[in-house]
Amino acid sequence: MNMKINQVTIDALASLCKRRGFIFQNSEIYGGINGFWDYGPLGVELKRNIKDSWWQSVVQWRDDVVGLDAATIMHPRVWEASGHLDGFTDPMVDCRQCKGRFRADLLLEDQGIELETGSTAEKNLKLPANAKCPTCGARDLTEPRAFNLMFKTFIGPVADDTSAAYLRPETAQGIFVNFDNVLSVARKKIPFGIAQIGKAFRNEINPRNYTFRSREFEQMELEFFIKPGTDADWHAYWVKERLDWYERIGLARANLDQYEYGKDELAHYASACVDILYRFPFGLQELEGIAARGNYDLSRHREFSGKSLEYFDQETGERYLPHVVEPSAGVDRIALAVLCEAYTVEWIPKEDTEGDIRPAEPGEKVPSGYEERVVMKFAPRLAPYKAAVFPLLKNRPELVKTARSIYDQIKKRWPAFYDQTGAIGRRYRRQDEIGTPFGITVDFQSLEDDTVTLRHRDSMKQDRVGIPELPGILAEKIDE
Ligand code: GAP
């Protein structure tokens, strides 16, 4: 297992995220609201970089996928057709003693009580007699009741059943209902995909594990439409593509895993499903599901809308309802995995010299001559700031002027940070803690020969490089 994962706890990570502006509790000044999170100045950059990287690899770098941005509220009939109105439920139990409310399957899992697998078993979940309330310990729980996870709202001024609508619980349905629209404008032949990034809302019974299970979150979903019969090949293709992407954004292969659904666990219309899992501090958990869903969604929308939604293959003269492979990922979960992966505690020589960096031993004293540093080892392409620029001394106008002009040049191309306050070692440490991969220091030699020191976050090595060469060097390292 990766050393870094051993070091991070969710408490330590959440404290860093708040202190440095990655993630804040939503409505904190009013005591917070469970299941909702806000991303601060650094968190918003991190999330944007994750989404940009996904969009590049799934849409922009391919010829066979186009994008979409559908509204978050859709016609209520969409959710009848998709099955969410009837079936998008979790089993909920109440404690008769303390009045706590819990998700029954998670409660049993936490108490080590084996659940029968399979979609029917989960729907008809029964509580065994030894199940107890996780809050007060009473063995006095109600039988599970189905609780619909969709947030309900009303359109227009009258709040009655005729104006009821739902915040979308997934982005996917926006894609299916636009299938004909996109097909008619995108000049694509099957196989081709439609991708979308956007907010989804689920009224989770027990939001938990920090941002992992939230009530408002973002999804990145692709519906890849294929010819019936090619499902298994395309499914395997997308599982591999997506695993490769997770490695490219810096998640170690050793911390990734996959779970393949057994035949009895699949929805009746699906022919395959693989979850991509990440080794979080609270266990191996899902980042993304990749399902071969047959033509279930299009056939349901055909039935409910009366529109044909068929594809006409001009080469073969065939007419058919396409099948679909759906890689569906959560941005917030990926951001959390990236934060966990990046979080590293090390012992470094006090003078910030290169070499001899040691992994911190939890519970041990820092050796003499060393200090502890927390460093976020983001892949450069995901780091919120790519570079920080420092004049060695703030009271020397010639150093400040050169540093500012380098900063002005860099920030036009990448998010960058300028810092002139405090000892240079402390400035490096502040950037280490937010994961800035490169530090550029302007010193007296810079004024003589137009060079700066370029400090590398992970190795702490410092190179002397020419100022005109900086953009090229950074570009190569950020995009590699
Ligand atoms: N269209 C298929 C679909 O929505 P899902 O497995 O329910 O499938 C896909 O959701 C992904 O969305 C999950 O793998 C996860 O990353 C993310 N996700 C789902 N529920 C979430 C929640 N409550 N909080 C954060 N992310 C969530």
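This is a predicted model: local features need pLDDT of at least 70, side-chain atom pairs count only at pLDDT 80 or more; totals for chains, interfaces and linings use all residues.
1. Domain layout. The chain is divided into three parts, of which domain 1 is made up of residues 5–76 together with 161–341, while domain 2 covers 89–148 and domain 3 covers 377–479. Taken over C-alpha atoms, the centres of domain 1 and domain 2 are separated by 27 Å.

2. Contact between domain 1 and domain 2. On the domain 1 side nine residues are in contact, and they meet 12 residues of domain 2. Between them the two domains bury about 890 Å², with 47% of that area on carbon and sulfur atoms. Ile-205, Asn-206 and Arg-208 together supply 56% of the area that domain 1 buries against domain 2, which is more than any other three residues supply.

3. Polar and charged pairing across this contact. Two salt bridges are counted between domain 1 and domain 2, and three residue pairs are in polar contact there, both partners being at pLDDT 80 or more. By class, the side of domain 1 that touches domain 2 consists of two nonpolar, two polar and five charged residues. A salt bridge also joins the side chains of Arg-103 and Glu-204, with an N to O distance of 3.8 Å.

4. The structure holds 35 salt bridges, and one of them is formed by the side chains of Lys-47 and Glu-218, at 2.9 Å from N to O. Lys-47 belongs to helix H3 (residues 41–60) and Glu-218 to strand E10 (residues 216–226), so that the pair links parts of the chain that are 171 residues apart. Both partners deserve a look in the model, because Lys-47 has a relative accessible area of 6% and is buried, and Glu-218, with 8%, is buried as well.

5. Elsewhere, salt bridges that share partners join Glu-346, Glu-371, Arg-373, Lys-377, Arg-429, Asp-432 and Arg-455 into one network.

6. A cis peptide bond. Most residues other than glycine have a negative phi, and most peptide bonds are trans. Against that background, the bond that joins Ile-190 and Pro-191 is a cis peptide bond, with omega about 10 degrees. Pro-191 is placed in the loop between helix H9 (179–186) and strand E9 (192–201).

7. Positive phi values. Lys-99, a residue other than glycine, has a positive phi near 70 degrees, and its place is in the loop between strand E4 (89–94) and strand E5 (101–103). With a relative accessible area of 63%, Lys-99 is exposed. Arg-187 likewise is not a glycine and has a positive phi, of about 50 degrees. Arg-187 lies in the loop between H9 and E9, and its relative accessible area of 80% makes it an exposed residue.

Methods: Residues are numbered from 1 along each chain as its sequence is written. Side-chain values use heavy atoms; hydrogens and water are left out. Domain bounds come from an automatic or database domain assignment. Contact means heavy atoms within 4.5 Å. Buried area is the accessible area (1.4 Å probe) that two parts lose on being put together, summed over both. A salt bridge is a side-chain nitrogen of Lys or Arg within 4 Å of a carboxyl oxygen of Asp or Glu. A polar contact is a pair of N or O atoms within 3.5 Å; within protein, one must be able to donate a hydrogen and the other to accept it, and residues adjacent in sequence count only if both atoms are side-chain atoms. Ala, Val, Leu, Ile, Met, Phe, Trp, Tyr, Cys and Pro count as nonpolar, Asp, Glu, Lys and Arg as charged, and the others, Gly among them, as polar. Helices (H or I, at least four residues) and strands (E, at least two) are DSSP runs, numbered from the N terminus. Buried means under 20% relative accessible area, exposed over 50%, partly exposed in between (1.4 Å probe, protein chains only).
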